[in-house]
Amino acid sequence: MDNRNTTVLKWAQTALLAALCFVTFTFLQIKIPMPGGDATSLHIGNAFCVLAALLLGGGYGGLAGAVGMTIADVIDPVYILVAPKTFVLKFCIGLITGLVAHKIAKIGQSNDKKYIFKWSVIASVCGLGFNVIFDPLVGFFYKQYILGQPQEMASVLAKWSTMTTFVNAVVSTILVAVIYNALRPALAKAGLLVEVKNF
């Protein structure tokens, strides 16, 4: 496959995974209302951000998650004001996952199924672990200092967000481990597995 076709394939897969991030967050979330009209959610949207980073590398994967989840926020009146925070955090999830999977472990250059499985899980844990820590933390400061929310309300949301984000991370890690390790050989066989040269 020449460079032009590879680029088109990467962008097509990025768009598809962005759409999956959007759809799973928008239609499959369990929203938990919070005081002051806020909310936190149980969802698997981040799983497809991580999956994108494993398949396409951190840049494309992060972009897929950032665009898909940000659009989902923008069309939801509850989340529209936190869309900029979402874009940055989801992009970081992709970058971290891609860095671990492709720069450190170089899973794209391996055919060892056990090695690929192990490092796909480790990379997922790193990307989603970042989110478990920084989503509530950045959310607290964003709500309080950018949106002017009272400290007590921002604190309550941060505590609930920590719990839901942790649950989301555990479920997403399991989901990604299953999907990626099933999908990768199928894409390779079909000639649709792109080579990740960087991370």
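**Exercise 1.** In this predicted model, find out how far apart the closest N and O atoms of Asp 135 and Lys 85 are, and decide what kind of contact the two residues form.

*Solution.* 
Step 1: Look at the side chains of Asp 135 and Lys 85. Their closest N and O atoms are 3.5 Å apart.
Step 2: Compare that with the cut-off: a Lys or Arg side-chain nitrogen has to be within 4 Å of a carboxyl oxygen of Asp or Glu. So Asp 135 and Lys 85 form a salt bridge.
Step 3: Now place the partners. Asp 135 sits in helix 5 and Lys 85 in helix 4, 50 residues apart, and the pair links distant parts of the chain.
Step 4: Check how accessible each one is, remembering that buried means under 20% relative accessible area. Asp 135 has 13%, so it counts as buried. Lys 85 has 12%, so it is buried too.

**Exercise 2.** How many salt bridges does the structure hold? Track down the ones made by Lys 31 and Asp 38.

*Solution.* 
Step 1: The count for the structure is 3 salt bridges.
Step 2: Start with Lys 31. Its partner is Asp 76, and the closest N and O atoms are 2.6 Å apart. Lys 31 belongs to strand 1 (residues 30-33), while Asp 76 is in the loop between helix 3 (58-74) and helix 4 (83-104), so this pair ties together parts that are 45 residues apart in sequence.
Step 3: Are these two buried or partly exposed? With 34% relative accessibility, Lys 31 counts as partly exposed. Asp 76, at 11%, is buried.
Step 4: Move on to Asp 38. It pairs with Lys 143, with 2.7 Å between the closest N and O atoms. You'll find Asp 38 in the loop between strand 1 and strand 2 (39-42) and Lys 143 in helix 5 (residues 113-146), so parts 105 residues apart in sequence get tied together. Both Asp 38 and Lys 143 are buried.

**Exercise 3.** Work out how helix 1 and helix 2 run relative to each other, and which residues make the contact.

*Solution.* 
Step 1: Get the geometry. The axes of helix 1 (residues 3-28) and helix 2 (residues 45-56) come within 7 Å and cross at roughly 165 degrees.
Step 2: Angles over 145 degrees count as roughly antiparallel. Helix 1 and helix 2 are therefore roughly antiparallel to each other.
Step 3: List some residues in the contact. Helix 1 brings several, including Leu 17, Leu 20 and Cys 21, and helix 2 brings others, among them Phe 48, Leu 51 and Leu 55.
Step 4: Sort the contact by class, and you get 9 nonpolar, 4 polar and 1 charged residues.

**Exercise 4.** Now describe how helix 2 packs with helix 6.

*Solution.* 
Step 1: The axes of helix 2 and helix 6 are 9 Å apart, and the angle is about 35 degrees.
Step 2: The crossing of these two helices is right-handed.
Step 3: Find who meets whom. Residues of helix 2 including Phe 48, Val 50 and Leu 54 meet residues of helix 6 including Val 176, Ile 179 and Tyr 180.
Step 4: Class by class, this contact has 12 nonpolar, 2 polar and no charged residues.

**Exercise 5.** Where is Val 156 found, and what is the separation of its C-alpha atom from that of Thr 173?

*Solution.* 
Step 1: Val 156 is in helix 6 (residues 151-189).
Step 2: Its relative accessible area is 32%, so Val 156 is partly exposed.
Step 3: Val 156 and Thr 173 are 17 residues apart along the chain, and their C-alpha atoms are separated by 26 Å.

Methods:
Residues numbered from 1 in each chain as written. Predicted model: local features only at pLDDT ≥ 70, side-chain atom pairs only at ≥ 80, totals over all residues. Heavy atoms only, no water. Axes fitted to C-alpha atoms, helices over the stretch in contact; angles between N-to-C directions. Helix = DSSP H or I, 4+ residues; strand = E, 2+ residues; numbered from the N terminus. Parallel < 35°, antiparallel > 145°, perpendicular 65-115°, else oblique. Contact = heavy atoms within 4.5 Å. Nonpolar A, V, L, I, M, F, W, Y, C, P; charged D, E, K, R; others polar. Buried < 20%, exposed > 50% of the residue type's maximum accessible area, 1.4 Å probe, protein only. Left-handed = near helix turned anticlockwise from the far one by under 90°.
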